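I am keeping notes on one structure.

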Amino acid sequence: MPGNVQSVERAASILRLLADEDEPLALAQVASALGLAKPTAHGILRTLEDVGFVEQDVPNGPYRVAADLFHLGRGEKLDPNELRSLAMNWTDALAARTGESARVATFHRGRAEVAHHVFRADGGTQVLMTGSIVPLHASALGKVLLAFYPGAARSILRQDLPALTGRTITDRVTLQKELAGIRDVGWAGSVGEVDPVVAGIAAPIRDRGGYVVAVVGIEGATDRVCDDRLRPRTALVNQVVRAGRAISRELGHGRAAR
C-alpha cells in the first residue's frame, strides 16, 4: 500500500499550527516550529494562501488561518449573478467566434439552470433561456455537470432518464460510460438528444481550487455544430474549451501563486 503524502501532512501541520496560535506567525516561525526548510514552508504557505486556506494582511507579512476555512462546506454556492458578471465577456466572444448561441449553467437549488445566455448573431428568432432548466442526462451542459459535479450526479440517482428524442441516452450504464469519457477529454457533446436538429458542446468552469462550479457551452443546428459524421467540429470544441478555461481564470483557477 502507498504511504502518506508528505506534502499533505506538512500542509495539515501548518494549518494546525496556525489554528492553535492567537496571533499570526511569520514564515521563519512556521518553519522553525515544524522543522521545515524556509523554502519548503514558504511554498506550502503560498499554496494554502492561493486556495484560500491561509491569509496575510500585507505581502510578506505573518500568516493566519483564513476565517472562511472554519466554514468550509457551509457557505453559499457561487451566486449566479456573480457568475454571469465574470463570464459575460467570454461568452460574448464565444458566441461571436462560433456563430452559435452561448450559455453558462450551474447546479443551483437542486437543479441545473442557465445563468447566462448570449444569442447567436444571425438575427433570427431566438428565445432568452436565462433561468431555464437544463436536462442533465441529455444536454452537453448537463453532462458536464453530471461528470464533474457530485451534487448533480446524486440528484439523478433515483430518477428516470426520460427519452426526449430517439437519440437520448436512457440507460444508466451507457450514460456512466459517456460521463467517464467526458472526464477523460474535458468536454461534452450532445447531438440530437434534446432536440432532433440541435447539437451542443460544453466544457467545465473551475474555481480557484479546481472544483467544477459551472459549465459553458454552445448550441446550434446539428449541421453547423457537427461534421458529416455527426461529430462536434474540432474547431468549435476548441473554442468552447478555451472559453471554459478563460472563465475559470476569472474565478482564480490556474493563476500562478505569488
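Are α4 and α9 roughly parallel or roughly antiparallel to each other? I note that this is a predicted model, in which local features need pLDDT of at least 70, side-chain atom pairs count only at pLDDT 80 or more, and totals for chains, interfaces and linings use all residues. Residues are numbered from 1 along each chain as its sequence is written, and side-chain values use heavy atoms, with hydrogens and water left out.

**Helix pair.** I looked up helix α4 (residues 80-98) and helix α9 (residues 234-250), whose axes come within 9 Å and cross at roughly 170°. Helices here are DSSP runs (H or I, at least four residues), and strands are E runs of at least two. Axes are lines fitted to C-alpha atoms, for helices over the stretch in contact, with angles from 0 to 180 degrees between N-to-C directions. Therefore α4 and α9 are roughly antiparallel (over 145 degrees; under 35 is roughly parallel, 65 to 115 roughly perpendicular, the rest oblique).

**Salt bridges.** I found 10 salt bridges (a side-chain nitrogen of Lys or Arg within 4 Å of a carboxyl oxygen of Asp or Glu). R46 pairs with E49, with the closest N and O atoms 2.8 Å apart. I see that R46 and E49 are 3 residues apart in helix α3 (residues 38-50), about one helical turn. Both R46 and E49 are buried (under 20% relative accessible area; exposed is over 50%, partly exposed in between, with a 1.4 Å probe and protein chains only).

I also looked up K143 and E193, which form a salt bridge at 2.6 Å between the closest N and O atoms. K143 is buried at 0% relative accessible area, and E193 is buried at 7%.
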